[in-house]
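Here's a quick briefing to read alongside the model. Have the sequence and the 3D view open, and follow the topics in order.

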Amino acid sequence: MSPAIEVTDLTKRYGDLRAVDGVSFSVEPGEVFAILGPNGAGKSTTVEILEGHRKRDGGLVSVLGIDPAKGGREYRNRVGIVLQSAGIDKELSVREVLDLYATAYTRRRPVDEVLEAVELTEKADARVRSLSGGQQRRVDLALGLIGDPELIFLDEPTTGFDPAARRRSWELVRKLTADGTTVVLTTHYLEEAEQLADRVAVMSGGRIVAEGTPEALRANADSGTVIRFALPSVNAPLSDLLDPLVGEASGRDRRIEIVTSAPTADLAHITAWAVDRGIELQGLVVESMNLEDVYLQLVGDETGDAAT
Amino acid sequence: MSDWRLLWRSIRAENRIFWRTPIGAFFTLGLPLIMLVLFVALFGNDPIGTEYGDITTAQFYAAGLGVFAAASATYTNIAIGLSMRRDEGILKRVRGTPIPPWVFLGGVMLSAVWIAIFATTVMVGLGMVAYGVELEAAKIPAMLVSFLAGTICFATLGVALASVAKSAASAPAIANATMLPMGFISNVFIPLDNPPKWLTLAGDIFPLKPFAVSFTEGMSPFSEAPAFEWDRLLVLLAWTLVGMAVSWRRFRWEPVVGASTGRRSRRAAAI
Ligand SMILES: Nc1ncnc2c1ncn2[C@@H]1O[C@H](COP(=O)(O)OP(=O)(O)O)[C@@H](O)[C@H]1O
Ligand SMILES: [Mg+2]
């Protein structure tokens, strides 16, 4: 089967800013694909190009065999779009909004079924204005589903939710995708990507910096232990210290960080080297690397606030 | 076939939105009616000197304010409504569905025309019931043609104004700054009897006076049936084409970056 989405070397600039800088990936039919990254990484720009909302500057994009930039009505009939933020006419009731949009699609899901799926049956006749932010977000989701799409885009579907509401939304997305709908999801919550996605692309600064199943990313994380310390100025050649190590060493300003799968052996070698030369290793720590570490390492420091 | 169904549904949805926004309904329907009652109370209902000859206050204002209400219902309401909904991201949502642009805009415009029909009918009806305003059957076709040409013209100009307005904050200001001055030189708020030449000319060029005059001629006892004002209708057609050209070139579905009204950011914060 040909991929549902094929993106090759996609680029998008806003003035001097390279918001999307040579991104490539593909998504198989029925797959749940997450783009994970901090605010400003270029996630929305990428999905909105796939949705046909924005024009790209370069690269090839094919979604369901169609170029979204030229897809027009036929294309939009086959995809569901949940934007990061989009209004709904607040004077209409939930059912009226769904009825109206449902008429636009050639395939459609029954309104009652969709209402039930997003748990808004009781609010069906309430004005959109009277709904909470979370309930309005579920109307967004309902509108994304009403045309029974082959593929649905979810741009940060749970941002701003409290943890309990987020967990309920995950259940919802799982339920909705059990029937084989292809999903492209963006999020800046690591846990959300892990919970929902078959495959994750980590995006930062307009580039994809890692890609794989959550298990593969986690396996990477679990296999790693980090040894960190700082060297005082020494005359001894560092190759004696670093070359025999099993793990990968990196360092800046005499701060050394070693990611290793053999922490015991590497630590023994390091401490022996230091004791032999009468060197005290400052701030020596050994810790196991978790998924959060992997993610933060991939996307850099800027995530500090976004990941909370 | 299903596009027509979709158009019908969007007209109905737009209509519901209008009636469920009481403040808009008041300005569009209530205010012009209050003005009619007020003007007749202030000036009495004796014949006054107008461009059409000496006709009663109510005969003049039921037509003039009826046209004003129709123009507000189309031009002002569409301009404000569309730019507000663009800022809120509603237009962007619509653009991401298979709803064709002509169906969406057609729904907005036709619903506004329907509300204009309602507003003007109530205005003229009140004049007939309360103030002895008279219609002649032979001139009604001319009134209808003028009304359709005028409301379609102002609806198109409303879309055009929404296309050039940067945000929902500037749209009402532009709408009022254009409508109100036009109101004073167009036989709508005050009867013009021998105004200075330049004022006559200014009125003739802009679309409100051609709308008001062609409609009021159909209600004037001095005009000769069938009372079609073809040169006025031609001006309306020209403005319709201007509105279409501007909308075609400038209409946007997405909010202008950096021109958000705060409503959008509140929504974003709530999510
Ligand atoms: N319409 C735009 N005009 C100019 N800059 C933009 C626009 N949209 C996004 N950007 C910038 O592009 C970068 C990527 O934004 P975005 O795709 O929204 O990231 P994300 O969705 O990952 O938070 C950001 O630096 C953002 O400020
Ligand atoms: Mg985003």
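Let's start at the metal: A:Ser44 (through OG) and A:Gln84 (through OE1) coordinate the magnesium ion, ligand 2, at 2.0 to 2.1 Å. Donors here are N, O and S atoms within 2.8 Å of the metal (3.2 Å for Na, K and Ca), and water is not among the atoms, so sites may look incomplete. A:Ser44 sits in helix α1 of chain A while A:Gln84 belongs to the loop between β5 (79–82) and α3 (94–102) of chain A, so the pair ties together parts that are 40 residues apart in sequence.

Some housekeeping before the details. This is a predicted model, in which local features need pLDDT of at least 70 and side-chain atom pairs count only at pLDDT 80 or more, while totals for chains, interfaces and linings use all residues. Residues are numbered from 1 along each chain as its sequence is written, chains are lettered from A and ligands numbered from 1 in the order in which they are written, and side-chain values use heavy atoms, with hydrogens and water left out.

**The metal ligands and their exposure**

- A:Ser44 counts as buried, at 17% relative accessibility; buried means under 20% relative accessible area, exposed over 50%, and partly exposed in between (1.4 Å probe, protein chains only).
- A:Gln84 comes out as partly exposed, at 32% relative accessibility.
- The helices (H or I, at least four residues) and strands (E, at least two) named throughout are DSSP runs, numbered from the N terminus.

**Ligand 1 and its surroundings**

- Where does ligand 1 lie? Ligand 1 is found between chains A and B.
- Ligand 1 is surrounded by 13 residues, and the closest are A:Gly40, A:Gly42, A:Lys43, A:Ser44 and A:Thr45; a residue is near a molecule or strand if one of its heavy atoms lies within 4 Å of it.
- Sorted by class, that shell has 6 nonpolar, 5 polar and 2 charged residues. Ala, Val, Leu, Ile, Met, Phe, Trp, Tyr, Cys and Pro count as nonpolar, Asp, Glu, Lys and Arg as charged, and the others, Gly among them, as polar.
- In chain A, β2 (17–27) and α1 (43–51) each supply at least two residues of the shell around ligand 1.
- α1(A) gives the most to that shell, with 3 residues.
- Backbone atoms of chain A lie by the ligand's oxygens: a polar backbone atom of A:Ala41 is 3.2 Å from an oxygen atom of ligand 1, one of A:Gly42 is 3.0 Å from an oxygen atom of ligand 1, and a backbone N or O atom of A:Lys43 is 2.8 Å from an oxygen atom of ligand 1.
- On its own, ligand 1 exposes 560 Å², and the protein buries 67% of that. Accessible areas come from the Shrake-Rupley method with a 1.4 Å probe; for residues, only the protein chains shown count as cover.

**Chain B as a whole**

- Chain B has 11 helices and 2 strands.
- Reading from the N terminus, its elements run α-α-β-β-α-α-α-α-α-α-α-α-α.
- A compact globule of 271 residues would have a radius of gyration near 18 Å, and the 19 Å of chain B agrees with that. The radius is taken over C-alpha atoms, and the globule rule is 2.2 Å times the number of residues to the power 0.38.
- The C-alpha trace of chain B spans about 60 × 40 × 35 Å along its principal axes.
- 52% of the 271 residues of chain B count as buried.

- A:Leu17 is in strand β2 and is exposed, with a relative accessible area of 54%.
- A:Glu96 lies in helix α3 and counts as buried, at 19% relative accessibility. A polar atom of the A:Glu96 side chain is 2.9 Å from the backbone nitrogen of A:Ser93.
- A:Glu119, in the loop between α4 (111–117) and α5 (133–145), has a positive phi near 60° without being a glycine. A:Glu119 is partly exposed, at 45% relative accessibility.
- A:Asp148 is not a glycine either, yet has a positive phi of about 45°. A:Asp148 is in the loop between α5 and β6 (151–155) and is partly exposed, with a relative accessible area of 24%.

Key
A polar contact is a pair of N or O atoms within 3.5 Å; within protein, one must be able to donate a hydrogen and the other to accept it, and residues adjacent in sequence count only if both atoms are side-chain atoms.
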